[in-house]
Amino acid sequence: MTLERRRTLATLASLVLVWEVVGRLGLVADGALPSLSAIAASLVQSWAVYPPHLAATLSAAGTGFVLGNAVAIVLALAFALVPVLQRVTSTLLVTLFCLPIVVVAPILGIAYHSDWPKIILAALAVFFPTMISTLVGLRTVPPGAVEVVRASGGGRLRAVALVRLRHALPDLLAGLQVAAPAAMLGALLGEFLGGRRGLGVYLLGSMGRAEPATLWAIGLVAAGISAAAYGLLGLVRRSLGAHDVQPIADPTDSGAGAAARPAARVLLALTGVVVLLGAWYAFVGSTGLPTTVMNTPLDVWHNLVSGENAARTRESLLPALGGSLLAAVVGSLAGIAVAWLLAVALTLVPAAARVTMPFAFLSQTMPIIALVPLIALLFGRGTLTVVVVTISVTFFPALVTIQQGLAKAPQGQLDVLRSVDASRWTTLRLVTIPNATPYLLASVRLAAPRALVGVLLAEQFVTGTGLGGLLGASRGYLDYRMMWVITAVVAVVAVLTYAAAEGAERVVQRRRA
């Protein structure tokens, strides 16, 4: 056993021991953090209840995983073969990427029955990690390999089949690995809409009872399933000789689009809006439900801006929106700040990363929907819980993104500083940190949708305040009008935030070029 593994195991054993002692003594929030032995006892005592719930959740998550990844791979191949397809659908893709699935869930619950809302939510959760990773792999093939195929008379399709797909395999597997825990999140969130079976149903039913050990047991079971799927796909990836890849990509990044003339960019943007609106109308039409239930874009505009009840709608919406945005900004900035400081510290002390990162990865395997009630147990049912949940969902993606930037400092500049015996801190300050600035901005861009997910989940299921609370109340009152307005407003806010961060990122990159 290597020294790093011994250190990791020793750290894990220490954490288990501390958790057990703290839990037994009831030192955290009057027993809100039970001991591991109490959690295990609860799991053993109620294990007979788990099999039907596990079967329901795994069925929905597995089906959504297969469907979402199949669509993602097909679209990635289509975009690689015909790049203009991505450019004309970029607005729709960014909207789907930024729109938190927690606001989509009630709409899907109205539109579809049986297990389909859970399956679709799981598919939406896995779609982007796989599509983006696969597209990165398809587009980063060494040019010489493609030229060999072309020189032998092969076309674009043959180059994809013989070269690009094989080269993209490590990135595809990495996307699948990240998508596995996301499928659990989608399925659990769908189960929060209602139903008879599923871990989400069991978790929601247990939230009202004063049984912290039961909540922790359900959460850890969900985390264990996600971690097992993540680890299994990781073993498959390593068995095929694929190295670790954590690509950072943008669903709107289409290469030539950025260099197009202003008129062409405007035309592409207008085309993208038309495609988005067309997809919205197509979705509403596919349900077969009346527009009083499934609102069109014109219905949302009427209800929010021009209708006779629009002023009343805004009176309810705007205060809730302000509170949710404040929590999202505070939580995301705090999460990114903590990620930045930890990434810098791990760069200064590389040995610490080998001990820290496995636990950071493990923390991300627990679906956030299962984490929310546990955080509420520890921090209460106030604003602090909303902020902590937001930090938890933004911290890890920001950490991985920033670490990539810190690791990609120009080797020539590093060699110059080493030749004059510059200290590690001096090297970090003069070269490494400036080089990571675009990645810091990228972390802001990626954090915006996640921050809204955390805020809306905590508000809807814990505090009952903000947009999340308003969304939950609207669903309870069958106020479809307000549900659609909230969905549209959250989508617009998320996309605008994403676009602003992307614009700042491009400005920094141009200045560095």
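Predicted model: local features only at pLDDT ≥ 70, side-chain atom pairs only at ≥ 80, totals over all residues.
1. **Overall make-up.** The chain has 21 helices and zero strands. Of its 513 residues, 47% count as buried. The accessible surface comes to about 23,900 Å², and carbon and sulfur atoms own 68% of that. If you look at contacts between residues at least 6 apart in sequence, 78% of them join residues at least 24 apart.

2. **α14 against α20.** Start with helix α14, residues 310–348, where it packs on helix α20, residues 466–476. The angle is about 135 degrees and the axes are 6 Å apart. That angle makes α14 oblique to α20, because the roughly antiparallel label is kept for angles over 145 degrees.

3. **Who touches whom there.** On the α14 side the contact is made by S316, L317, A320, L321 and S324. The α20 side supplies G466, L467, G468 and L470. Sorted by type, the residues of this contact give five nonpolar, four polar and no charged. Remember when checking this that Gly goes in the polar group.

4. **α4 against α6.** The other pair to look at is helix α4 (residues 83–98) with helix α6 (residues 116–139). Their axes lie 13 Å apart, at an angle of about 150 degrees. The two are therefore roughly antiparallel to each other, since that label covers angles over 145 degrees. As for handedness, α4 passes α6 in a left-handed crossing.

5. **The α4/α6 contact.** From α4 come P83, Q86, L93, L96 and F97. They meet F127, F128, I132, L135 and R139 in α6. By type, the contact of α4 with α6 divides into eight nonpolar residues, one polar and one charged. Going by the residue lists, Q86 is the polar one and R139 the charged one.

6. Is T95 buried or exposed? With a relative accessible area of 13%, T95 is buried, because the cut-off for buried is under 20%. T95 sits in helix α4. Leaving aside neighbours within four places in sequence, T95 is in contact with L276, A491 and V495.

7. **L325, back in α14.** L325 belongs to helix α14. Its relative accessible area is 30%, so L325 counts as partly exposed. Where the chain comes back past this spot, the C-alpha atoms of L325 and A451 are separated by 9.3 Å. Those two residues are 126 apart along the chain.

8. At 67% relative accessibility, S114 counts as exposed.

9. **L478, another positive phi.** L478 has a phi of about 55 degrees, again positive, although it is not a glycine. Where is L478 found? L478 is in the loop between α20 and α21 (480–512). L478 counts as exposed, at 54% relative accessibility, because exposed here means over 50%.

Note on methods. Residues numbered from 1 in each chain as written. Heavy atoms only, no water. Axes fitted to C-alpha atoms, helices over the stretch in contact; angles between N-to-C directions. Helix = DSSP H or I, 4+ residues; strand = E, 2+ residues; numbered from the N terminus. Parallel < 35°, antiparallel > 145°, perpendicular 65-115°, else oblique. Contact = heavy atoms within 4.5 Å. Left-handed = near helix turned anticlockwise from the far one by under 90°. Buried < 20%, exposed > 50% of the residue type's maximum accessible area, 1.4 Å probe, protein only. Areas by Shrake-Rupley, 256 points an atom, 1.4 Å probe, with all protein chains shown as cover.
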